[in-house]
Structure formats: C-alpha cells, structure tokens
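Subject: Structure handover

Hello,

Please find the structure below, followed by notes on what was found in it.

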Amino acid sequence: MNCPNCGAHVESGKFCPKCGTSLVQEQAAHPETASTTGEPAAPQAPTPQTANNQATQNEFVDNVKSTSSNFGQFFMTLLKTPGAAQKANGNDMISGLITLIIYGLLAGLLFYLNGGSNPEFGDEFFKPFLQIVGMLAIFVIATFGAGKLTMQDLSFQDTIAKYGAYTVPFLLVFAVAFLATLVDLYTVANILSAASVLGIGFIIPVLILREQPIKGFDHVYLMVILSIISIISIFYLGRFLINIDIINQLNSITDMFDF
C-alpha cells in the first residue's frame, strides 16, 4: 500500500518507514485492498472440484429433462398409434427400457394388492418386480437371437426399443387390470393381466421379426422355438400373473351365457 501522508510505497508494517505515519487506520478503512502483506486481496474463485460438481449436477438435470421429454413423446405417440412401433430404433432404447420397467412396477403393485391384509414388501412387491423384469429380459434376448438367426439388421438396442414400443398397448391393458384390482374385480384383473403377459410373450416377437424378410432359418421352426421359450419363462417367472384358477373363472363367465 501507499502511505496516506507522504505517498511512499509500504510493503508491510504498521508505520511508514519514511515519515512514521500510522498505517493501521488505513488498513481498517480499506480491508478489501489491504492484506497482512500489504498487497491487494485477490477475489476468491471457486475450486476446480466445486466447479466440476456444479457442471455434473447441471448435466444430470439436463439429461433427466431430455429423457423425460423423449419418453413422454415416445409413449403418447405409441398410445395413439401403436403401429408406429415399427419406426422405433436404437435412439429410443432408453424410452423402451423405461416402458418395460414401468410394466414390471405395475406387476409388482398388482401382486402386492393381492397379497392379503398384511403383505410384505419384499415378497409381495420386490420379488415379483424382479421376476417380471427377468421375464421381459428373456423375451428381448430371445427375440434378438432370433433376429440374428434370420440375418436381420437388428441391433440389441433396436430390439429393446421395439419391444418397449410394442409393449405400450399391453401396458395399457395391464393398467386396466390394476384398476380392476382396486375395485375388487379380481376375475377381470386376472383375465386382463394374463392376456397382457401372453401378448407380450407371444405376439411382440412375431411383430418384430416380421418387420423384415426372414432369411436363413425357417420362420415356422423359429416361432415354435420362441413359443417354447416364452412358455418356460412365463411358467417360472410370470405364472403369478396368470392365476391357476383362470380357466375356472373363464368357465364361470361362459356359463353365464350358456356356452
């Protein structure tokens, strides 16, 4: 700083070495320009770690907003026009994956509501959710493998996107089954949930594989193999959604009409 009396430059100290003027009052009057060394105090800049954390948070928020917007457009388009699933590709993989996860969550909630008066969250929700997700994963992998056997231009990302896209109408059926459970229409709920699961396991693979010409492997044998895989997957992982009494329930309905 400079001495307020004689103007001499002072590097440190409480008194001017030239005229002896006290410098304490000058430092107190201008704390932003004086430091313990007599040099101007530099403004504090954010540390690199703080800047990186802020950039990461902003990027995460932007990604969440973008994903939500894409999924909303994806879902509403397919809800209005299910046939648009043919146009789904690898760019829609995240939206397709979200659709499959939502289907699994609804399955877990449906089973949780049917779990009695004191259902346990782990056994009545989380376990069915994992089972349905596992079943859907088998469907997707089997369809992708079938696509490779028939020499189709179908990547794994495309398969996930298309499977999720074709799942949207079946998800709607499953949502109606969930609502039927809330109003104690268990027979209707069981029929709709069974129809939804069977449709996802047997209809969607056919729709995906028929989008392109099938080469190198007879399509009849291919569908037989996929059907066997679907039946095994549903029996071991999704059987709780297809009530074993559903045949009796269907018979009771047909009896009402004297079939």
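The notes below go from the overall fold to single residues.

This is a predicted model, in which local features need pLDDT of at least 70 and side-chain atom pairs count only at pLDDT 80 or more, while totals for chains, interfaces and linings use all residues. Residues are numbered from 1 along each chain as its sequence is written, and side-chain values use heavy atoms, with hydrogens and water left out.

Overall fold

Along the sequence the pattern reads α-α-α-α-α-α-α-α. Of the 259 residues, 32% count as buried (buried is under 20% relative accessible area, exposed over 50%, partly exposed in between, with a 1.4 Å probe and protein chains only).

Helix 3 and helix 5

Helix 3 (residues 93-113) and helix 5 (residues 156-182) have axes that come within 7 Å and cross at roughly 25°. Axes here are lines fitted to C-alpha atoms, for helices over the stretch in contact, and angles run from 0 to 180 degrees between N-to-C directions. Helix 3 and helix 5 are therefore roughly parallel to each other (angles under 35 degrees; over 145 is roughly antiparallel, 65 to 115 roughly perpendicular, and the rest oblique). Their crossing is left-handed, a term used if the near helix is turned anticlockwise from the far one by less than a right angle, with clockwise being right-handed. By class, the contact of helix 3 with helix 5 has 21 nonpolar, 6 polar and no charged residues (Ala, Val, Leu, Ile, Met, Phe, Trp, Tyr, Cys and Pro count as nonpolar, Asp, Glu, Lys and Arg as charged, and the others, Gly among them, as polar).

Salt bridge

The structure holds 1 salt bridge (a side-chain nitrogen of Lys or Arg within 4 Å of a carboxyl oxygen of Asp or Glu). The partners are Lys162 and Glu211, at 2.8 Å from N to O. Lys162 lies in helix 5 and Glu211 in the loop between helix 6 (186-209) and helix 7 (219-237), so the pair ties together parts that are 49 residues apart in sequence. Lys162 is buried, at 6% relative accessibility, whereas Glu211 is partly exposed at 25%.

Aromatic pairs

A search of the whole structure finds 6 aromatic pairs (rings of Phe, Tyr and Trp, the last by its six-membered ring, with centres within 6.5 Å; planes under 30 degrees apart are stacked, over 60 edge-to-face, and the rest tilted). The ring centres of Phe144 and Phe156 are 5.3 Å apart and the planes are at 80°, so this pair is edge-to-face. Phe144 belongs to helix 4 (residues 121-149) and Phe156 to helix 5, so the pair links parts 12 residues apart in sequence. Phe144 is partly exposed at 22% relative accessible area, and Phe156 is partly exposed at 33%. Phe235 and Tyr236 also pair edge-to-face, with ring centres 5.1 Å apart and planes at 90°. Phe235 is partly exposed at 49%, while Tyr236 is exposed at 54%. Phe125, Phe126 and Phe129 form one aromatic cluster.

Positive phi

Met151 is not a glycine but has a positive phi of about 55°. Met151 sits in the loop between helix 4 and helix 5 and is exposed, with a relative accessible area of 56%. Asp184 also has a positive phi, near 65°. Asp184 is in the loop between helix 5 and helix 6 and is exposed at 51%.

Regards

Notes
Helix = DSSP H or I, 4+ residues; strand = E, 2+ residues; numbered from the N terminus.
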